[in-house]
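Please look over the sequence and the model shown here before reading on. The paragraphs that follow go through helices, a hairpin, a loop residue and a pocket.

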Amino acid sequence: MPQTQSSKPFPSWTFQSGTGRFYLALELWDTGNGLQGLLTGGEKPHIGGVVLAVPRPSLSGEGWSADLYLTPVPNHKDIDFASPLADSLARLSHFPVVMTAGVHSDSFTPEEIKHLKTDFTMLMQQALQELEDYFSSNANK
């Protein structure tokens, strides 16, 4: 039987948008010292790439930035979704973020890709808003 260090489970969030070919699901877990995320969708969810975002103070001296380490599966573009999400979450939380992504449907048209990106942007904004509230309320704990 697995052992845990605490009886309290890790805080987690689930966000969803779209249906069918445009379905997107984002799951996030606060591990206590970083965020783990999984973004899947389309008709063939899979592992298409992983992004590690490590936050740091901005070189300009104002705000936060993040260094990104990208590991795409060959011939996959899923890190195009995972990268801005991991970057934004690392800047927001000031914790490392690992984002795994796999969104696929066969034969997306350019217009359908634009639609999927719009849906993803709205999903990302929803997640960032909710986590901004979470990290703001937990900043002094």
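How many residues does α2 have, and how far does α2 reach from its first C-alpha to its last? The helix α2 has 28 residues and spans 41 Å between those two atoms, close to the 40 Å expected at 1.5 Å a residue. The expected span is 1.5 Å times one less than the number of residues in the helix. Helices (H or I, at least four residues) and strands (E, at least two) are DSSP runs, numbered from the N terminus. The model is predicted, and local features need pLDDT of at least 70, side-chain atom pairs count only at pLDDT 80 or more, and totals for chains, interfaces and linings use all residues. Residues are numbered from 1 along each chain as its sequence is written, and side-chain values use heavy atoms, with hydrogens and water left out.

Among the buried residues of α2 are L116, F120, L123 and L131. Buried means under 20% relative accessible area, exposed over 50%, and partly exposed in between (1.4 Å probe, protein chains only). The cover over the buried residues of α2 includes β1, β2, β3, α1 and β6.

The helix α1 has 15 residues and reaches 20 Å from first to last C-alpha, close to the 21 Å expected at 1.5 Å a residue. Its buried residues include I79, F81, L85 and L89, and what covers the buried residues of α1 includes β2, β3, β4, β5, β6 and α2. After α1 comes H94, with a positive phi near 65°.

Strands β4 (residues 49-57) and β5 (residues 64-72) run antiparallel and are joined by nine bridges; two strands pair if DSSP finds at least two bridges between them. P55 has A66 in β5 as its bridge partner. The two strands form a hairpin with six residues between them, and G61 in the turn has a positive phi of about 90°.

T31 is found in the loop between β2 and β3. T31 counts as partly exposed because its relative accessibility is 39%. Leaving aside residues up to four places away in sequence, T31 touches F10 and Q36, where contact means heavy atoms within 4.5 Å.

The second largest pocket holds about 380 Å³ of space. Of the 14 residues that line the second largest pocket, K77, D78, F81, V103 and I113 are the closest to its centre. A pocket is an open set of points on a 1 Å grid over the protein atoms alone, where a 1.4 Å probe fits, with protein on both sides within 12 Å along at least five of seven lines; lining residues have an atom within 4 Å of a point. The largest share of this lining, three residues, comes from α2.

Key:
Grid points are joined across faces, edges and corners, and a volume is the space filled by probe spheres set on the points.
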